[in-house]
Amino acid sequence: MSATHSSPAAVAEHTTHTVLRHPRLLVRETLAGVVTALALIPEVISFSVIAGVDPKVSLIASVVLCLAMSFLGGRPAMVTAAAGSVALVIGPMVHQHGVQYILPAVVLAGIIQILFGVSGMARLMRFIPTAVMTGFVNALGILIFFAQVPHFWGKSPLIWGLFVLTLLIVLWVPRFIKAIPAPLIAIVLLTVFTVTSGQLLPTVGDEGSMSGGLPGLTQLLVPLNLQTLAIIWPCALSIAFVGLMESLLTARLVDDLTVTPSNKNRESTGLGVANILAGFYGGIAGCAMIGQTIVNVEMGKARSRVSTFAASLVLLLLVTALSEVMAKIPMSVLAGIMVIVAVKTFSWHSIRPATLTNMPVTETLAMLVTVAATVSTGNLAIGVVAGVITMLILPRIVSRKRASTSKTASPDPEK
């Protein structure tokens with residue numbers, strides 16, 4: 001219990017120091033980072049398509065984000081990379097005005113996030129109702145699941161076989177082997193099988209260019225004037241607040257999973273700095289990724305900054321020296337891992353009849369509105385805002401109806 005009440009920084013430093021002193025913990029954290037890096041690849045590549053940028057841009061930006069947040073973030077073991085929610089708000093600006101406006105938009109978004117953290121406003125996120133938080137988690141689980149469906153649904157029996165084998169390995173191997181994360185075993189075994197058997201299957205390499213090497217610094221190709229500001233400020237605001245909302249809600253989720261605190265203001269400031277760095281070297285912004293964080297914290301049992309540091313180095317190695325190896329990983333295997341992540345992310349307790357019976361109607365509706373708005377738009381920020389508004393409006397409507405009903409039901413004193 002004492003750890004819960006101590007300062008977040010002290011908890012993080014103690015955990016990292018402990019991990020570095022104990023080889024068993026160091027191996028566990030490092031292997032968790034390896035699995036996390038592999039789980040990042042397909043989603044980051046797919047998000048680059050949404051944002052309208054080259055896959056290499058998103059991958060390098062993810063390396064920068066993950067590495068920077070390993071030191072600057074306020075929530076140890078939380079994974080930050082080029083995320084889909086941020087790609088969704090960058091995409092329209094890129095399609096309308098071009099990729100050259102991403103750098104100034106990302107830098108402005110980073111400055112807003114730094115100001116948000118320095119001013120202490122990040123603490124306001126704790127006032128988001130639990131029902132909305134549950135809706136956010138459930139919607140994310142649904143989105144992660146349906147993003148994997150195209151990789152196995154309607155495909156050949158061999159692809160289905162690899163998908164089912166992945167599920168079995170990830171679910172059953174931990175009963176016998178605890179030292180190595182089961183997802184890593186599944187990826188290595190099934191990739192070796194497909195390569196050695198000469199089977200032609202959809203792989204990571206089919207999702208985008210996997211050429212090795214590092215890019216240079218991102219060049220500023222637009223003038224810094226009022227016209228540029230008019231183009232970038234709506235996108236920058238969206239990047240800043242969508243990124244903050246997803247990161248801080250994910251931090252809160254990891255707090256609950258690990259029963260340890262996090263520093264929300266530090267997380268906000270660190271995210272701003274990391275996004276500015278990623279803008280200049282990589283080219284696109286990001287935020288916390290709840291699916292990959294679940295892989296790191298739940299599947300890999302990671303608890304320290306060592307895991308995310310390892311993930312960033314492994315991702316860098318995969319993108320540069322081992323790009324050809326990474327390109328051969330079957331997509332159906334990664335889809336199997338992410339389906340389990342989706343199932344673990346979803347709060348099944350929240351939809352049990354006993355829970356729904358005991359939960360106030362307003363909270364149930366707020367959770368459902370959050371899920372419906374998020375899934376229909378694909379935007380987590382819209383879902384959370386819709387849920388919060390529902391929580392604010394519904395109790396007033398219910399109380400007014402009760403008041404009017406009681407007035408109608410009360411007898412007239414003159415009669």
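Which residues line the largest cavity? The views below take up this question and others on a predicted model.

**View 1. The largest cavity and its lining.** A search of the whole structure returns 1 cavity of 30 Å³ or more. The space in the largest cavity comes to about 50 Å³. Its lining is made by Met 69, Ser 70, Gly 73, Gly 74, Arg 75, Pro 76, Ala 77, Met 78, Thr 80, Glu 267, Arg 305 and Thr 308. By class, the lining holds 4 nonpolar, 5 polar and 3 charged residues.

**View 2. Ala 77, a lining residue of the largest cavity.** Ala 77 sits in the loop between H4 and strand S1 (80–81). Its phi is positive, about 75°, although Ala 77 is not a glycine. Is Ala 77 buried or exposed? Ala 77 counts as buried because its relative accessibility is 3%, under the 20% cut-off.

**View 3. Val 259, in the loop between helix H10 (226–258) and H11.** Val 259 is a residue other than glycine with a positive phi, near 55°. Its relative accessible area is 57%, so Val 259 is exposed. The cut-off for that class is over 50%.

View 4. The patch covers about 550 Å². Leu 67, Phe 71, Leu 72, Val 273, Leu 277, Phe 309 and Leu 313 make it up. Helix H4 (55–72), helix H11 (264–280) and helix H13 (305–319) supply at least two residues each. Which helix gives the most to the patch? H4 does, with 3 residues.

**View 5. Leu 277, a member of the nonpolar patch.** Leu 277 belongs to helix H11. Its relative accessibility is 42%, so Leu 277 counts as partly exposed. That class lies between the buried limit of 20% and the exposed limit of 50%.

**View 6. The largest pocket.** The volume of the largest pocket is about 470 Å³. How many residues line the largest pocket? The lining has 24 residues, and Glu 43, Phe 47, Gly 84, Leu 143 and Ala 147 lie nearest the pocket centre. Two or more lining residues come from each of helix H3 (23–51), helix H5 (84–97), helix H7 (130–148) and helix H12 (290–299). The lining of the largest pocket divides into 13 nonpolar, 8 polar and 3 charged residues.

Technical notes: Residues are numbered from 1 along each chain as its sequence is written. This is a predicted model: local features need pLDDT of at least 70, side-chain atom pairs count only at pLDDT 80 or more; totals for chains, interfaces and linings use all residues. Side-chain values use heavy atoms; hydrogens and water are left out. Patches are made of residues with over 30% relative accessible area and no salt bridge: like charges are joined within 9 Å, nonpolar side chains (Val, Leu, Ile, Met, Phe, Trp, Tyr) within 5 Å. Accessible areas come from the Shrake-Rupley method with a 1.4 Å probe; for residues, only the protein chains shown count as cover. A salt bridge is a side-chain nitrogen of Lys or Arg within 4 Å of a carboxyl oxygen of Asp or Glu. Helices (H or I, at least four residues) and strands (E, at least two) are DSSP runs, numbered from the N terminus. Buried means under 20% relative accessible area, exposed over 50%, partly exposed in between (1.4 Å probe, protein chains only). On a 1 Å grid over the protein atoms alone, a cavity is a set of points where a 1.4 Å probe fits but cannot get out, and a pocket is an open set with protein on both sides within 12 Å along at least five of seven lines; lining residues have an atom within 4 Å of a point. Grid points are joined across faces, edges and corners, and a volume is the space filled by probe spheres set on the points. Ala, Val, Leu, Ile, Met, Phe, Trp, Tyr, Cys and Pro count as nonpolar, Asp, Glu, Lys and Arg as charged, and the others, Gly among them, as polar.
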